[in-house]
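Dear colleague,

I am handing over the structure below, together with a summary of what was found in it. Please have it open while you read, as the notes go from one residue out to the whole chain.

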Amino acid sequence: MNIRVTPSAKEALQNVEQNQMIQLSFDRGSCDIVNTIYEMKIISKRSLQPYEKVVTVEDLEFIVNDDMEEVYDNELVIDHAAGAFVFKNHNQIFNNRVGLRYINS
């Protein structure tokens with residue numbers, strides 16, 4: 001999975017600590033319109049579930065579902081604009097604006 005984080009998104013994620021990871025949750029639908037990330041949260045590092053994997057981008061660790069490559073055509077760009085994260089790949093910009101939640105565990 002190729003995840004790219006734009007400079008504005010990297011700046012918005014600058015407070016993520018080394019003992020934390022970013023979990024991306026998405027709805028798997030029957031078409032690309034439904035395949036949207038609905039939640040982005042900062043969690044303490046933990047063991048993975050059987051359906052999850054970690055993708056490391058620079059010094060950020062993203063926990064994603066193991067079929068995310070298929071859903072996003074092996075490419076995901078995370079951008080940050082107007083106070084929210086926006087997700088896109090080479091085919092489309094997904095119609096979602098997601099905030100960032102911190103989860104204590």
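**Asp79 and its surroundings**

The side chain of D79 makes a polar contact of 2.9 Å with the side chain of S8, and a second polar contact, of 2.7 Å, joins the side chains of D79 and T6. Please keep in mind that this is a predicted model. D79 lies in strand β6, which covers residues 75-81, and because its relative accessibility of 17% is under the 20% cut-off, D79 counts as buried. When its neighbours within four places in sequence are left aside, D79 is in contact with T6, S8 and A9, and also with A84, F85, V86 and K88.

**The chain as a whole**

The protein has two helices and eight strands, and from the N terminus on these elements follow the order β-α-β-β-β-β-α-β-β-β. Of its 105 residues, 42% count as buried, while the exposed surface comes to about 6,000 Å², with carbon and sulfur atoms supplying 44% of it.

Five strands form an open sheet with mixed pairing, in the order β4-β5-β2-β3-β8. Its edge strands are β4 and β8 (residues 101-102), each of which pairs on one side only.

**The nonpolar core**

Which residues touch the most other members of the largest nonpolar core? In this core of 25 residues, they are L24, M40, F62, L76 and I78. The elements that give two or more residues to this core are the strands β1 (2-5), β2 (20-26), β3 (37-44), β4 (52-57), β5 (60-65), β6 and β7 (84-88), together with the helix α2 (68-71).

Leaving aside its neighbours within four places in sequence, F62 is in contact with I3, V5, L13, I22, L24, M40, K53, V54, V55, V57 and I78. Among these are L24, M40 and I78, which are themselves named with F62 among the core residues that touch the most other members.

With best regards

Technical notes. Residues are numbered from 1 along each chain as its sequence is written. This is a predicted model: local features need pLDDT of at least 70, side-chain atom pairs count only at pLDDT 80 or more; totals for chains, interfaces and linings use all residues. Side-chain values use heavy atoms; hydrogens and water are left out. Helices (H or I, at least four residues) and strands (E, at least two) are DSSP runs, numbered from the N terminus. Buried means under 20% relative accessible area, exposed over 50%, partly exposed in between (1.4 Å probe, protein chains only). Accessible areas come from the Shrake-Rupley method with a 1.4 Å probe; for residues, only the protein chains shown count as cover. A polar contact is a pair of N or O atoms within 3.5 Å; within protein, one must be able to donate a hydrogen and the other to accept it, and residues adjacent in sequence count only if both atoms are side-chain atoms. Contact means heavy atoms within 4.5 Å. A nonpolar core is a set of buried Ala, Val, Leu, Ile, Met, Phe, Trp, Tyr and Cys residues joined through side-chain atoms within 4.5 Å. Two strands pair if DSSP finds at least two bridges between them.
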